[in-house]
Amino acid sequence: MEKKKLLVFANYFYPEVASTAQILTELCDGLKKDYVITVICSVPCYTGKIEEKYKKEKFYYEAYNGVNILRVRVKEFSKTSKKSRIFHILSYFFHSIGATFKVGKQDVVFAISQPPVLGGILGNIGRMITKGKFIYNIQDFNPEQIMAVNYSKNKWLLKFMLLFDQHTCKKASLVITVGRDMQKTLEHRFKNKKIPNNRVINNWTNESDIYPLNKDHKKVMEFKKKNNLENKFIIMYSGNLGLYYDLENLIHLFLNFKNEKEVVFALVGEGALKKKLEEIVRENHADNITFIPYQDKKDLIYSLNSADVHLVTNAKGIKGVSVPSKIYGCMATNVPILGILERGTEASQIINDSKCGVVCETGHYEEIEKKLKMILKEKDSFIKKHLTGRKYLEEHFTKDKSIKKYSEAIESVLNGDRK
């Protein structure tokens, strides 16, 4: 039987380090046995810089593990410049439309909600060009996410963004959200109207790549030594140092612990706020707050396992808008989690259900400080009590379980199932 054709729009794809790039790369790898997959994505550019070999042509044809890739040229950008980011996003959007005319008829078009709103519009355009059925995977709701962090205050722009994204949801054969709270946001968007066909499928980490290691493991010790973390109690934030995680306020809170010499707050990653956060730390001479660059995927297991406690955070207003996918990697290492999250979010429910850590309400800084003091006072008992993340992840959020759900979702769309 001839395989069905699946077209995937992904701003970032292998070898990018963005969480959505890793999720989509693993998703395509898991689905390739059943579908002929073509991915339309940017040339590698997550850092903002682009290799010279990707600056000459408009399109680049490649293959990765049996998946066809059609990369489109985009503009370089600075993560601290709104203007350059907008030009970068628009170049991806318009060049991807051009690329879609090159892939022929498709059975299913799969698009994620990145770039904001335009990712969904691109999927809907792809649906019309290729005559395929359309699945819209919402990783982040926008403009709600933009509004939550006041990235833009242009009310007309935000209103039009919402109308466009609602239209995209209505045109999709299926909308997939990555959290139960996000499903409620979708339902709220269409209150008193017909709610689009939808289901929830959680993100994941590849549990065969990320798993618990002993603290004295050679590579873990090498990571600690390289980053001056030896003989420290390590509280780690690993991920994007961006706008949606309340990091600036949390850094100011961490300053209250700068005289606790046995403790280190390690922020691993890059992002738009990194320079500003580094400046705050430098001005306050906080030697126990340290910044560590992004780790290669092959080394992530060692950095994550070096932590004694992981931080999983979101800014206020992100409830029902986004789910921090870093939670799955933290759980995979079996390291306890301090969640700084709004009550009722998908991530807070996972922490509470799994008992793999404790949760504080976003913005309640006195409560967060008390929890940190409790953790530092009761280090051993706190860790012992919350060694449950790995087991819960294996029961609910493995890569294969989630990919199977995506396969079932695609088949339901191909078969015209509207349940």
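This is a predicted model: local features need pLDDT of at least 70, side-chain atom pairs count only at pLDDT 80 or more; totals for chains, interfaces and linings use all residues.
**Stop 1: the charged pairs**

Start with salt bridges. The count for this model comes to 16.

Select Lys 55 and Glu 52. Their side chains meet in a salt bridge, with N to O at 3.2 Å. Lys 55 is partly exposed, at 34% relative accessibility. Glu 52 is exposed, at 55%. Glu 52, Lys 55 and Glu 76 are linked in a network of salt bridges.

Move to Arg 189 and Glu 144. They form a salt bridge too, and the closest N and O atoms are 2.9 Å apart. What does this pair tie together? Arg 189 lies in helix H6 (residues 180-189) and Glu 144 in helix H4 (residues 144-148), so the bridge joins parts that are 45 residues apart in sequence. Check the surroundings of Arg 189 as well. Arg 189 is buried, with a relative accessible area of 9%.

Next, select Glu 369 and Lys 373. Their side chains meet in a salt bridge at 3.6 Å, N to O. Both sit in helix H13 (residues 365-377), four residues apart, which puts about one helical turn between them. Lys 373 is partly exposed, at 47% relative accessibility.

**Stop 2**

Cys 356 is in no disulfide, and the nearest cysteine sulfur, that of Cys 330, is 8.7 Å away. Cys 356 is buried, with a relative accessible area of 1%.

**Stop 3: an open pocket**

Select Thr 47, Lys 79, Glu 270, Gly 271 and Ala 272. Among the 14 residues that line the second largest pocket, these lie nearest its centre. The pocket has a volume of about 300 Å³. Colour the lining by class if you like. The lining of the second largest pocket divides into four nonpolar, four polar and six charged residues.

**Stop 4: a loop residue, Ala 286**

Select Ala 286. It lies in the loop between helix H9 (274-283) and strand E11 (289-292). Is Ala 286 buried or exposed? Ala 286 counts as buried, at 3% relative accessibility.

Show what surrounds Ala 286. Leaving aside neighbours within four places in sequence, Ala 286 is in contact with Leu 255, Lys 258 and Val 281. Ala 286 and Asn 259 are 27 residues apart in sequence, and their C-alpha atoms are 8.1 Å apart in space.

**Stop 5: a helix residue, Arg 390**

Select Arg 390, in helix H15 (residues 389-396). Arg 390 counts as buried, at 12% relative accessibility.

Which residues does Arg 390 contact, beyond its neighbours within four places in sequence? They are Glu 207, Ile 210, Tyr 211, Pro 212, Met 331, Ala 332 and Asn 334. Keep Glu 207 selected. Arg 390 and Glu 207 are 183 residues apart in sequence, yet 8.8 Å apart in space, C-alpha to C-alpha.

**Stop 6: the enclosed cavities**

Finish inside. A search of the whole structure finds two cavities of 30 Å³ or more.

For the largest cavity, select Leu 6, Val 8, Leu 27, Cys 28, Leu 31, Ile 37, Phe 110 and Ile 410, which line it. Its volume is about 40 Å³. Strand E1 (4-10) and helix H1 (19-31) each supply at least two lining residues. H1 gives the most, with three. By class, the lining of the largest cavity has eight nonpolar residues, no polar and no charged.

For the second largest cavity, select Tyr 237, Leu 247, Leu 250, Phe 254, Leu 267 and Leu 311. About 30 Å³ of space lies within. Which helix gives the most to the lining of the second largest cavity? Helix H8 (residues 247-254) does, with three residues. The lining of the second largest cavity divides into six nonpolar, no polar and no charged residues.

Definitions and conventions
Residues are numbered from 1 along each chain as its sequence is written. Side-chain values use heavy atoms; hydrogens and water are left out. A salt bridge is a side-chain nitrogen of Lys or Arg within 4 Å of a carboxyl oxygen of Asp or Glu. Buried means under 20% relative accessible area, exposed over 50%, partly exposed in between (1.4 Å probe, protein chains only). A disulfide is a pair of cysteine sulfur atoms within 2.5 Å. On a 1 Å grid over the protein atoms alone, a cavity is a set of points where a 1.4 Å probe fits but cannot get out, and a pocket is an open set with protein on both sides within 12 Å along at least five of seven lines; lining residues have an atom within 4 Å of a point. Grid points are joined across faces, edges and corners, and a volume is the space filled by probe spheres set on the points. Ala, Val, Leu, Ile, Met, Phe, Trp, Tyr, Cys and Pro count as nonpolar, Asp, Glu, Lys and Arg as charged, and the others, Gly among them, as polar. Contact means heavy atoms within 4.5 Å.
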